[in-house]
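Biologist: I would like to learn how to read the packing in a model like this one. Please show me the structure and take me through it.

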Amino acid sequence: QRRVHGGRTECVRAVTTQSALFVSNFDKFDVSDNDKASQFYAAAKAHGALSKNAKQGQGCDRHLYALNKIAQSQGKDLPLFHDEGYKALKSDMISTSSLYSEAIMLGGFGPVSPGYGVGYAAADDLSLFHVTSWKHSCKDFANEVVRAMNDILSLTSRCKDKIPNKH
């Protein structure tokens, strides 16, 4: 449900401190499964907060886009929009969109930069992915998504009774 006038959308930046910690520790043998599962749930909680903020128009992408357009309309060339950090923010290797709805059976999502576009639908007992790309192997990427999903399912299943405050 969009909560912003006119249906404006906002990007969810999925990389957080919590998700980076989880990903960097996932294959480490000296990090316990319980710690990994706790890190996964912390990353999921942080992602949920980002998603909620984006639905309320509280992200940074559309704000920065509007500032750039206003500056351009006034003939101004602001250094911020030439900064390497800003350029990195605008070049997404993976662009995703949730497609889950009772009304939608199938769908897709194209890449917005030379990387991957991933349309996905996730429910309690189902995960669907549609992968597109201009230059890369969708099959290889999709296989890695399936492997990662199975690895996370295995981890959380092993630790489901040992992790306090999952939600």
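Modeller: Start with the largest nonpolar core, which has seven residues: Phe22, Phe26, Ala37, Tyr41, Leu155, Cys159 and Ile163. A nonpolar core is a set of buried Ala, Val, Leu, Ile, Met, Phe, Trp, Tyr and Cys residues joined through side-chain atoms within 4.5 Å. Buried means under 20% relative accessible area, exposed over 50%, and partly exposed in between (1.4 Å probe, protein chains only). The elements giving two or more residues to this core are α2 (33-55) and α5. A second, separate core of five residues includes Val118, Val131, Phe141 and Val145.

Biologist: What sort of model is it, and how are residues numbered?

Modeller: The model is predicted: local features need pLDDT of at least 70, side-chain atom pairs count only at pLDDT 80 or more, and totals for chains, interfaces and linings use all residues. Residues are numbered from 1 along each chain as its sequence is written, and side-chain values use heavy atoms, with hydrogens and water left out.

Biologist: How many helices and strands are in the protein chain?

Modeller: Helices (H or I, at least four residues) and strands (E, at least two) are DSSP runs, numbered from the N terminus. The protein chain has five helices and three strands, in the pattern α-α-α-α-β-β-β-α along the sequence.

Biologist: At what angle do α2 and α5 pack?

Modeller: Axes are lines fitted to C-alpha atoms, for helices over the stretch in contact, and angles run from 0 to 180 degrees between N-to-C directions. Here the angle is about 115°, and the axes of α2 and α5 are 9 Å apart. That makes α2 roughly perpendicular to α5, since angles under 35 degrees count as roughly parallel, over 145 as roughly antiparallel, 65 to 115 as roughly perpendicular and the rest as oblique. Contact (heavy atoms within 4.5 Å) is made by residues including Ala37 and Tyr41 of α2 and Leu155 and Cys159 of α5.

Biologist: Is glutamine 39 buried or exposed?

Modeller: Glutamine 39, in helix α2, is buried, with a relative accessible area of 13%. Leaving aside neighbours within four places in sequence, glutamine 39 is in contact with Gln18, Leu21, Phe22, Asn25 and Val31.

Biologist: And lysine 139, buried or exposed?

Modeller: Lysine 139 lies in helix α5 (residues 138-159) and is exposed, with a relative accessible area of 63%.

Biologist: What share of the protein chain is buried?

Modeller: Buried residues make up 24% of the 167 residues.
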